[in-house]
Amino acid sequence: MLERIFSPCEAVQHLFVHQHCGVVASRLCRFGNFAPGTARPADETRCTGPGRTSTRLNSARQMPTNDLCVTPSNRASIFSVTSPALRTTSLHKSFGSLVVAQDIAITLPQGARYALIGPNGAGKTTLINLITGVLEPDAGQIHLGDTDITALAPDRRVKHGLVRTFQINTLFPGLEPLEAVTLAICERDNIAATWWRRLASFRTAVDEAHAILASLNLASVATRPTRELAYGQQRLLEIALALATRPKVLLLDEPAAGVPRQDSGELFQAITNLPSDISVLFIEHDMDLVFRFATRVIVMVGGRLLLEGTPAEIAAEPRVREVYLGRGHNG
């Protein structure tokens with residue numbers, strides 16, 4: 001129970017430093033910002049008119065009077081275009097003569113629900129490992145928002161919001177879900193090292209943990225030992241632990257692996273219902289689940305990207321049928 005006294009620091013650091021890796025960064029876009037009372041640069045003038053104010057360079061051609069001008073009231077809407085949540089450029093990785101990732105370039109928009117598919121050995125998990133810092137790329141770049149995170153350590157990525165789950169559960173079987181998620185929240189908020197306080201005393205963290213579990217239909221088992229949960233519930237608990245870090249990008253490596261088919265739909269429905277500000281990229285072999293829940297699908301073969309498209313486009317693509325079924329089944 002939550003009243004037990006134990007040090008959360010060691011357990012949670014193990015869980016999130018070695019299991020859930022990521023980073024998130026943001027950049028504030030500024031346009032024409034000058035401190036009150038300071039002079040504008042000599043090469044800029046003001047363009048004014050009824051209800052309009054803008055800045056232009058003297059060296060530039062005079063803008064037509066009906067062109068867009070930036071005002072305090074429309075600044076937010078004009079500059080609301082955001083960078084992709086995640087972007088990789090020309091990622092390459094090899095082990096000696098074995099090339100496992102070659103020229104990988106993907107773009108994950110804000111709020112995306114993308115699937116990554118391909119036959120065994122295609123390089124899907126390798127790509128996740130490269131993105132999360134488990135593997136270091138030989139070449140290429142990884143951007144989270146506008147920030148280059150290629151060289152960032154895995155544990156720092158966790159703290160900043162790029163989070164993953166694994167094919168095989170890596171949970172604490174003796175902890176209750178409410179305890180585990182509360183500990184994760186305490187670690188996120190840098191209060192996990194206060195080992196002399198009972199976990200139940202962190203009331204705000206406990207309430208947040210319960211809300212996360214409830215959102216994944218785990219409230220009824222919140223105080224049962226993790227080892228007693230059904231496997232599908234354990235997979236959902238891994239997602240709950242990831243959500244406790246407040247991720248911006250969530251990478252799921254075969255979340256339905258080992259889950260009975262009758263329960264996998266419920267698991268993916270929970271993934272679909274995640275907050276819209278979380279971008280999701282998931283690896284999955286069950287094509288029925290992919291076509292039901294993904295908005296776009298990325299196909300990998302032999303360490304390369306084969307194609308990307310909507311589920312309908314991928315289902316109708318002869319090259320995908322050839323990859324999965326062989327050339328003889330392709331028409």
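**Aromatic cluster and sheet architecture**

Phe268, Phe282 and Phe293 are linked into a cluster by ring pairs. The structure is a predicted model. Two aromatic pairs turn up when the whole structure is searched. In the pair formed by Phe268 and Phe282, the ring centres lie 5.0 Å apart. The planes of these two rings meet at 70°, so the geometry is edge-to-face, for which the angle must be over 60 degrees. Phe268 belongs to helix H8 (residues 261-272), whereas Phe282 belongs to strand S11 (residues 279-283). The pair therefore ties together parts that are 14 residues apart in sequence.

The rings of Phe268 and Phe293 also pair, with a centre separation of 5.6 Å. Here the planes stand at 25°, so this pair is stacked; the cut-off for stacking is under 30 degrees. Phe293 lies in helix H9 (residues 287-293) and Phe268 in helix H8, so this pair joins parts 25 residues apart in sequence.

Phe268 has a relative accessibility of 1% and counts as buried. Phe282, at 2%, is buried as well. The value for Phe293 is 9%. Phe293 therefore also counts as buried, since the limit is under 20%.

Charged groups sit over two further rings. The charged end of Arg164 is placed over the ring of Phe166, at 3.9 Å from the ring centre. Arg197 has its charged end over the ring of Phe202, and the distance to that centre is 4.2 Å.

Strand S11, which carries Phe282, is part of an open sheet of six strands. The strand order is S9-S10-S11-S6-S12-S13, with mixed pairing. Strands S9 (162-165) and S13 (304-309) stand at the edges. Each has a single partner strand, so one side of each is left without a neighbour in the sheet. From one strand to the next, the twist averages 20°.

Within this sheet, S11 pairs with strand S6 (residues 113-117). The pairing is in the parallel sense and runs over four bridges. Tyr114 stands opposite Leu281 of S11. Helix H7 (residues 231-243) packs on the sheet. Helix H7 touches S9 and strand S10 (249-253). The direction of H7 makes about 155° with that of S10.

Key. Residues are numbered from 1 along each chain as its sequence is written. This is a predicted model: local features need pLDDT of at least 70, side-chain atom pairs count only at pLDDT 80 or more; totals for chains, interfaces and linings use all residues. Side-chain values use heavy atoms; hydrogens and water are left out. Rings of Phe, Tyr and Trp (its six-membered ring) pair if their centres lie within 6.5 Å; planes under 30 degrees apart count as stacked, over 60 as edge-to-face and the rest as tilted. Helices (H or I, at least four residues) and strands (E, at least two) are DSSP runs, numbered from the N terminus. Buried means under 20% relative accessible area, exposed over 50%, partly exposed in between (1.4 Å probe, protein chains only). A charge sits over a ring if NZ of Lys or CZ of Arg is within 6 Å of the ring centre and within 35 degrees of the ring normal. Two strands pair if DSSP finds at least two bridges between them. Axes are lines fitted to C-alpha atoms, for helices over the stretch in contact, and angles run from 0 to 180 degrees between N-to-C directions. Contact means heavy atoms within 4.5 Å.
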